[in-house]
Amino acid sequence: MSLVRLKIKGISYSQTQNGAYALILNEVDGDRKLPIVIGAFEAQSIAIALEKEIKPPRPLTHDLFKNFADRFQIVVKQVIIHKLVDGVFYSSVICETEEKEEIIDARTSDAIALALRFDAPIFTYKNILDKAGIFLKFSSKDKEDDDDDESIMVDEILQESETVEIESDPTSSLRQMTIDELNAELDKAVANEDYEKAAKLRDEISKRS
């Protein structure tokens with residue numbers, strides 16, 4: 001399968017979905033765009049990496065990973081968005097250390113945040129772009145100016161594409177649940193030995209106690 005190189009076109013904010021942002025990837029040699037809905041933290045991390053002049057007072061999580069990798073001579077060579085299942089994109093971070101290559105599974109937003117910090121190229125497979133790539137229809141008055149991606153809202157992207165990745169804060173949905181619903185989900189998570197989910201549920205229950 002042939003790889004298609006992507007570049008980051010921009011990040012847009014949703015007017016209707018609180019805390020949701022759209023990361024828009026554009027194929028380098030074409031006009032199709034790959035929209036990925038991400039959470040506020042990931043959007044902030046990517047935005048800071050895009051704005052080279054912005055330096056946070058303390059390292060963000062992705063900055064820490066970059067510092068750690070530099071210290072141990074690990075280089076991120078490239079990021080590949082390699083799979084799309086039920087609207088969720090799966091990515092791999094290709095690393096190299098001492099001439100040995102390693103492939104690490106990662107969320108797409110994390111992988112791209114790291115790619116920016118390492119100046120590593122971003123790719124996807126042609127069949128994924130054929131399936132999920134879209135030609136955005138701009139709602140701005142100047143429709144011929146396709147550089148004005150900042151005016152594109154996440155809501156428009158969601159209407160244009162049925163295959164988008166939602167990587168928002170996993171605890172956001174818990175805040176919408178009642179105590180009874182949280183306790184019921186906690187019992188279910190423990191029964192299924194899903195202890196990571198159980199821990200998040202316990203934290204949310206504790207906050208309300």
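1. Basis. Residues are numbered from 1 along each chain as its sequence is written, and side-chain values use heavy atoms, with hydrogens and water left out. Because the model is predicted, local features need pLDDT of at least 70 and side-chain atom pairs count only at pLDDT 80 or more, while totals for chains, interfaces and linings use all residues.

2. Whole chain. The protein chain has seven helices and eight strands; these are DSSP runs numbered from the N terminus, with helices (H or I) of at least four residues and strands (E) of at least two. Among contacts in the protein chain with a separation of 6 or more, 56% are between residues 24 or more positions apart (contact means heavy atoms within 4.5 Å).

3. Helices H1 and H3. Helix H1 (residues 40-50) packs with helix H3 (residues 108-118) at an angle of about 15°, their axes 9 Å apart. Axes are lines fitted to C-alpha atoms, for helices over the stretch in contact, and angles run from 0 to 180 degrees between N-to-C directions.

4. Their contact. Glu42, Ser45, Ile46, Ala49 and Leu50 of H1 meet Ser109, Asp110, Ile112, Ala113, Leu116 and Arg117 of H3. By class, this contact of H1 with H3 has six nonpolar, two polar and three charged residues (Ala, Val, Leu, Ile, Met, Phe, Trp, Tyr, Cys and Pro count as nonpolar, Asp, Glu, Lys and Arg as charged, and the others, Gly among them, as polar).

5. Surroundings of H3. H3 is largely enclosed by the rest of the structure, because 10 of its 11 residues are buried. Among them are Ile112, Leu116 and Arg117. Asp119 follows H3 and has a positive phi, near 55°.

6. Asn67. Asn67 lies in helix H2 (residues 61-71) and is partly exposed, with a relative accessible area of 42%. Asn67 and Arg117 are 50 residues apart in sequence and 10.0 Å apart in space, C-alpha to C-alpha.

7. Strand S1. Strand S1 (residues 3-13) runs antiparallel to strand S7 (residues 122-125), joined by four bridges; Val4 stands opposite Thr124 in S7.

Methods: Buried means under 20% relative accessible area, exposed over 50%, partly exposed in between (1.4 Å probe, protein chains only). Two strands pair if DSSP finds at least two bridges between them.
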